[in-house]
Amino acid sequence: MFRTALLRSARRATSQAARSSGAIARPVVPSSFITKSRFAPSAFQAARCYSAAAGLSKPEVEGRIVDLLKNFDKVSDPSKLSPTSHFSNDLGLDSLDTVEVVMAIEEEFSIEIPDKEADAIHSVDKAVEYILAQPDAH
Amino acid sequence: MANPNPALRREVIAIYKELLNLGKAYPLGFDYFRPRLHKAFASNSSLTNEKDIRKGIERAEFVKKEIEAL
């Protein structure tokens, strides 16, 4: 929990730094590296190797996906949102909306989902299952 | 859903994604762009003929170039 909070604050600081440096057109990658290492305490770095999995828990992934859908304005009936809801049957999304949801999930967890797998994600639990199977999801 | 040609379907989804990504920087805002893009694709959802779908993809490519030129 503490670790994810740290990660989040580091990420927020990074995006802010990237935004403010955008005017000078400095490359984003090195600046994000610098801010990240400045904000993360050394104990955290010692505890987790760079190659280690982020270690997402199922409830956390579910919560983040449901939150993401809550903010998606095309969901017809937010009360039907649950960790098992089906995108088209329960939430009234068409296939194009599903593509958008999958893209939003890609952004949320900073991974890339290949087209083939993306095609198979039709419900919240399918998405959760897929994210949990990805070692590099954040 | 009847899906006689998965390769073609994937192509359409790929161009949809590309256009969505381009639309994030659209001058009138992404909130203006997204429903219109969605409507444009949805209005062609009844196409079943491969030739017609190809034409649609070509049009999407054209729109993509127009947005890139903005």
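**Interface area.** I looked up the area between the two chains of this predicted model: chain A and chain B bury about 1,300 Å² between them, buried area being the accessible area (1.4 Å probe) that two parts lose on being put together, summed over both. Carbon and sulfur atoms carry 56% of it. I then listed contacts (heavy atoms within 4.5 Å) and found 15 residues of chain A against 12 residues of chain B.

**Salt bridges.** I counted five salt bridges between chain A and chain B, each a side-chain nitrogen of Lys or Arg within 4 Å of a carboxyl oxygen of Asp or Glu. One joins B:R34 to A:E100, at 3.2 Å from N to O.

**Chain A side.** I noted that helix 5 (95-108) and helix 6 (115-120) of chain A each give two or more residues to the side touching chain B; helices are DSSP runs (H or I, at least four residues), numbered from the N terminus. Helix 5 supplies the largest share, seven residues.

**Cores.** I turned to the nonpolar cores, sets of buried Ala, Val, Leu, Ile, Met, Phe, Trp, Tyr and Cys residues joined through side-chain atoms within 4.5 Å, where buried means under 20% relative accessible area (1.4 Å probe, protein chains only). The largest has 26 residues, and A:I65, A:L69, A:I105, A:F109 and A:I131 have the most contacts inside it. Apart from it lies another core of 13 residues, among them B:I15 and B:F41.

**Conventions.** Residues are numbered from 1 along each chain as its sequence is written, and chains are lettered from A in the order in which they are written. Side-chain values use heavy atoms, without hydrogens and water, and side-chain atom pairs count only at pLDDT 80 or more.

Notes
Predicted model: local features only at pLDDT ≥ 70, side-chain atom pairs only at ≥ 80, totals over all residues. Buried < 20%, exposed > 50% of the residue type's maximum accessible area, 1.4 Å probe, protein only.
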